[in-house]
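Please view the sequence and the structure below before reading on.

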Amino acid sequence: MVQQFRRCHLFSENDHLFSRFGATQTAVHLWRMRLDTCRSLAALFLLQLPWPGWAQQQFLQFDKTYGGPNDESGASIIAGSDGGYLLTGTTASYGPGAAEGNENGFVLKVDEFGEPQWQFALGGGGQDFFADVVRTSTGDYLITGSRVQDDNVLLIKVAPDGDVLWSKTIGSANGTERGKQIIDIGENQFVILGTRDANLFLVRIDTNGTILQTSEFTCPPEIHVSCTIAATDGTLLITGWIFTIPYQQSLVMKVGMDGNLVWARTYQQLENSTTFSGMIPTPDGGCLATGSGGDGFAALSRIDGQGNL
């Protein structure tokens, strides 16, 4: 059975509890591991190497799948407001038009043992996808994704009990917008990272979904975005990749909270394609970025606050 894991989160540093979320061929898949003193197990887990049977027996707390008769896919997971976890993704089993093959945004709340508490599917009769979720200071959830039939970013707000408080779209009449990620930047404000046609698209909103600012960045090759984080110097760092014949090049951009570009850099190993897919902030306003280094190798790069390797 094919398994594609997309996110890994450390929810409790004291207990070393890891949950990983993704999809098998037809269902949402959730793992939770306890990593006590054997740090090498964490490396095995993150690298998706085969787990020895004794390790699964000792450290695997649960391994569950969720879904209906058709395909489901997981995209994001966070700790729940009242414990447990909130999972978001896409379903072809539930919601409007599912019987006709339409996919809908999928939200599932489970307890700390992975047992479902509530779920819902949301769609507009066409194709809808949920890509990412954050929790607000009041315990509500903001979920972003895409409404394909409108070619717009989809944004919804959900109460801790699963009640959908509101749903709206963000976009233009003549562009194709997609929501990829949403992050909390403090002071009850959030940034949605997405794309508009081949360009990078940023939207800053408040907890009511009111648009405070939009920014768009153009690059001659199409920008494939993968991750956004808040840097330690009060800016945003965005990573992804672009394709310039004959190689893919990793891209990192630094953007101010005013929406203006501070700098943008591309990185490439000699005669190899490189693609950054994730990063964490460093104290100097830079980041540690990881991804593919070409020729089948994982890459790790240290980039300072000015974009220098």
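Does Asp140 count as buried or exposed? Asp140 counts as buried, because its relative accessibility is 12% and the cut-off for buried is under 20%. The model is predicted, and a search of the whole structure finds nine salt bridges. Three of these pairs are described here by topic.

**Asp140 and Lys157**
- A salt bridge joins the side chains of Asp140 and Lys157, with an N to O distance of 3.9 Å.
- This pair links distant parts of the chain, 17 residues apart: Asp140 is in the loop between strand 9 (128-135) and strand 10 (141-147), while Lys157 is in strand 11 (residues 152-158).
- Lys157 counts as buried, at 8% relative accessibility.

**Arg178 and Asp151**
- The side chains of Arg178 and Asp151 form a salt bridge at 3.4 Å, N to O.
- Arg178 belongs to strand 13 (residues 177-186) and Asp151 to the loop between strand 10 and strand 11, so the pair ties together parts 27 residues apart in sequence.
- Asp151 counts as partly exposed, with 26% relative accessibility.

- Glu216 and Arg196 meet through their side chains in a salt bridge of 3.0 Å, N to O.
- Because Glu216 lies in strand 16 (residues 211-217) and Arg196 in strand 14 (residues 189-196), the pair ties together parts that are 20 residues apart in sequence.
- Glu216 is partly exposed, at 36% relative accessible area, whereas Arg196 counts as buried, at 19% relative accessibility.

Conventions
Residues numbered from 1 in each chain as written. Predicted model: local features only at pLDDT ≥ 70, side-chain atom pairs only at ≥ 80, totals over all residues. Heavy atoms only, no water. Salt bridge = Lys/Arg side-chain N within 4 Å of Asp/Glu carboxyl O. Helix = DSSP H or I, 4+ residues; strand = E, 2+ residues; numbered from the N terminus. Buried < 20%, exposed > 50% of the residue type's maximum accessible area, 1.4 Å probe, protein only.
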